[in-house]
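I opened a new page for this chain. My plan is to take the overall build, then one residue.

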Amino acid sequence: MNNLIQNYKIILEELTKTCKHIETSKQIRVPKMSDLELVALNITAEYMSINSELQLFRCISGTDLEGKIERSVYNRRKRKLFSYIEKIRETLSRKFSEFTDVFIVDSTPIEVCKISRANRSAICSTDEIKPSFGYCAARKTRYFGFKLHAVCDKNGVFHSFDFSPANVHDVNYLHDIKENFRNCLLIGDRGYISKELQVDLFNYSKINLSVPMRKNQHNFVEFSKAKSRMRKRIETNLSQLCGQFTININFAKTFKGLATRIVSKITSFTMIQYLNFFIFKRSLNKLKINLC
C-alpha cells in the first residue's frame, strides 16, 4: 500500500462524512468507482502534486483501485463533475465561515500558452469566454490566458473564485462579490480602487471595502499595517497554488478542462485545510505535511 492510497482513504472517509448528502447525476449503469470516490482520487492526486494522469494511473497500478476505472473514462467523468466538485468545495469552506468576517480579494494570471503561439492558438476558448492578452503588474510581464479572481478569509480558506479573460480589470469582479458576502470587511490592493463600487458594496451588502490609497490621491491616508499583513495571506495562498498545486501549468485543451483543473486544485487546497484543522488539530495552512 503506497502513500497515495493511504491519503486517498483518509480523504474519502472525510468526504463521505461531510459531503455524502450532495446529489450528483444519476447513472443508468452503476460504475465500479462512484463519483465521490473519483473526486477523492482527484483531490488526492492534486494534493500530492501528481499533475499527469499517466503518472496517477502508474501509482494506482497494483492497488485496490486498479481496474475500477480507465484513464480515458476518468478524464471524461472528471470534467462532467465540475459542478459536483464545486459544491464539495463550498461545503468544506462553509465549515470555516463562522470563524471570521474579514476577507481578502486578489487575482492571479492563468496562462494557457506562450505569447508566441497566442495568435494561432484556439485552446481553452468557447463562445462565452475566450483567452486574451493581459498584463500582470506583480510579475511585470504580459501573458495570454485568463485571470483567476479569488476571495479567501484572513485564515487562508478560499470562499469564492471566478474566471475572466486576462484583459478584464480586477475591479469588475467586485460586482459578483456583493451577491455572495454580507456584513464583512473586504481587503484588496490598489487594483480595486473605485469610490463608486465601494459605496455600492456597502449599501447593497454592508461590505466595507478597504484598499490602500495612491499617494497622489486627495486626502491621502496611510494603509493600516495590520491590514497589509492580512492581505499577504491571499498572496501566500496563490503562491502555494502555483508551487505545490502547479496551477500555472496548463495541460487542458478546452475551457471546461481548464476550469475543472482549477476547481480541483482549490478543492484539494481546502480539503487539506479542513483535515488539518478539524481532524488532525494542527496548523491550518501546513499543506505539505503528510496526512498519514
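I count a contact when heavy atoms lie within 4.5 Å. By that rule, among contacts in the chain between residues at least 6 apart in sequence, 66% join residues at least 24 apart.

I note that this is a predicted model, in which local features need pLDDT of at least 70 and side-chain atom pairs count only at pLDDT 80 or more, while totals for chains, interfaces and linings use all residues. Residues are numbered from 1 along each chain as its sequence is written, and side-chain values use heavy atoms, with hydrogens and water left out.

I looked up the secondary structure and found ten helices and six strands. These are DSSP runs numbered from the N terminus: helices are H or I with at least four residues, strands are E with at least two.

Next I checked the dimensions. The C-alpha trace spans about 65 × 50 × 35 Å along its principal axes.

I then asked what share of the 292 residues is buried. The figure is 52%, where buried means under 20% relative accessible area, exposed over 50% and partly exposed in between, with a 1.4 Å probe and protein chains only.

Last, I turned to N7, which sits in helix α1 (residues 3-19). N7 counts as buried because its relative accessibility is 4%. Leaving aside neighbours within four places in sequence, N7 is in contact with T44, Y47, M48, L291 and C292.
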